[in-house]
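Biologist: Can we go through this fold together? I would like to start with the strands and then look at the side chains.

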Amino acid sequence: MDEMTVADLIELLERLDPEAKVRAATQPNYPFEYRIGKVAETDGTIWIAVEDQVGYLPGDAQEALGWG
């Protein structure tokens with residue numbers, strides 16, 4: 001998969017419920033979910049920070065990501 005661009009991310013997000021929560025999912029073999037923190041840009045790259053860990057990633061989210 002090519003690297004995602006801001007335009008790619010916007011296109012994906014525009015299809016979704018604008019009132020939905022946003023979380024980051026990590027570690028497919030030991031999946032956790034995190035709240036999104038600050039967003040910054042440096043040298044043409046957008047950085048999305050994760051804040052505190054919410055808990056384990058729910059099974060339906062794992063499946064939707066192709067991790068289950």
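Modeller: What follows is a walk through a predicted model, topic by topic.

Biologist: Fine. What order do the strands of the sheet have?

Modeller: The order is E1-E2-E3, in an open sheet of three strands with antiparallel pairing. E1 and E3 are the edge strands, since each pairs on one side only. From one strand to the next, the twist averages 45°.

Biologist: How many bridges join E1 to E2?

Modeller: Four bridges, and the two strands run antiparallel. One of the residues involved is Ala25, whose bridge partner in E2 is Glu33.

Biologist: And how many join E2 to E3?

Modeller: Eight bridges join E2 to E3, again with the strands antiparallel. Glu33 turns up here too, standing opposite Gly55 in E3.

Biologist: Back to the hairpin of E1 and E2. How many residues are between the strands?

Modeller: Five residues, and in that hairpin Gln27 takes a positive phi near 55°.

Biologist: Why point out a positive phi?

Modeller: Because most residues other than glycine have a negative phi. Gln27 is not a glycine, and its phi is positive. Gln27 is partly exposed, with a relative accessible area of 40%.

Biologist: New topic. How many salt bridges does a search of the whole structure find?

Modeller: Three. Arg23 forms one of them with Glu33, with the closest N and O atoms 3.3 Å apart. That pair links distant parts of the chain, as Arg23 is in strand E1 and Glu33 in strand E2, 10 residues apart.

Biologist: Is Glu33 buried or exposed?

Modeller: Glu33 counts as buried because its relative accessibility is 14%, and buried means under 20%.

Biologist: Which residue does Asp52 form a salt bridge with?

Modeller: With Arg35, and the closest N and O atoms are 2.6 Å apart. This pair also links distant parts of the chain: Asp52 is in strand E3 and Arg35 in strand E2, 17 residues apart. Asp52 is partly exposed, with a relative accessible area of 38%, and Arg35 is partly exposed at 34%.

Biologist: OK, rings now. How many aromatic pairs does a search of the whole structure find?

Modeller: Three. One of them is the pair of Tyr30 and Phe32, which is edge-to-face, at 5.0 Å centre to centre and 80° between the planes.

Biologist: Why give both a distance and an angle?

Modeller: Because a pair of aromatic rings is described by the distance of the centres and the angle of the planes.

Biologist: Is Phe32 buried or exposed?

Modeller: Phe32 is buried, with a relative accessible area of 9%. Tyr30 counts as partly exposed, at 49% relative accessibility. Tyr30 also forms an edge-to-face pair with Tyr56, at 6.0 Å centre to centre and 90° between the planes.

Biologist: Where do Tyr30 and Tyr56 lie?

Modeller: Tyr30 lies in the loop between E1 and E2 and Tyr56 in strand E3, so the pair ties together parts that are 26 residues apart in sequence. Tyr56 is exposed, with a relative accessible area of 54%. Tyr30, Phe32 and Tyr56 form one aromatic cluster.

Biologist: Last one, the surface. Which residues form the nonpolar patch?

Modeller: Among them are Met4, Val6, Leu9, Ile10 and Ile46, and the patch has about 860 Å² of accessible area together. The elements giving two or more residues to the patch are helix H1 (6-14) and strand E3 (45-56). H1 gives the most, with five residues.

Biologist: Take Ile10, where does that residue lie?

Modeller: Ile10 lies in helix H1. At 44% relative accessibility, Ile10 counts as partly exposed.

Technical notes. Residues numbered from 1 in each chain as written. Predicted model: local features only at pLDDT ≥ 70, side-chain atom pairs only at ≥ 80, totals over all residues. Heavy atoms only, no water. Patch = residues over 30% accessible without salt bridge, like charges linked within 9 Å, V, L, I, M, F, W, Y side chains within 5 Å. Areas by Shrake-Rupley, 256 points an atom, 1.4 Å probe, with all protein chains shown as cover. Salt bridge = Lys/Arg side-chain N within 4 Å of Asp/Glu carboxyl O. Buried < 20%, exposed > 50% of the residue type's maximum accessible area, 1.4 Å probe, protein only. Phe/Tyr/Trp six-rings, centres within 6.5 Å; stacked < 30°, edge-to-face > 60°. Pairing = 2+ DSSP bridges. Axes fitted to C-alpha atoms, helices over the stretch in contact; angles between N-to-C directions.
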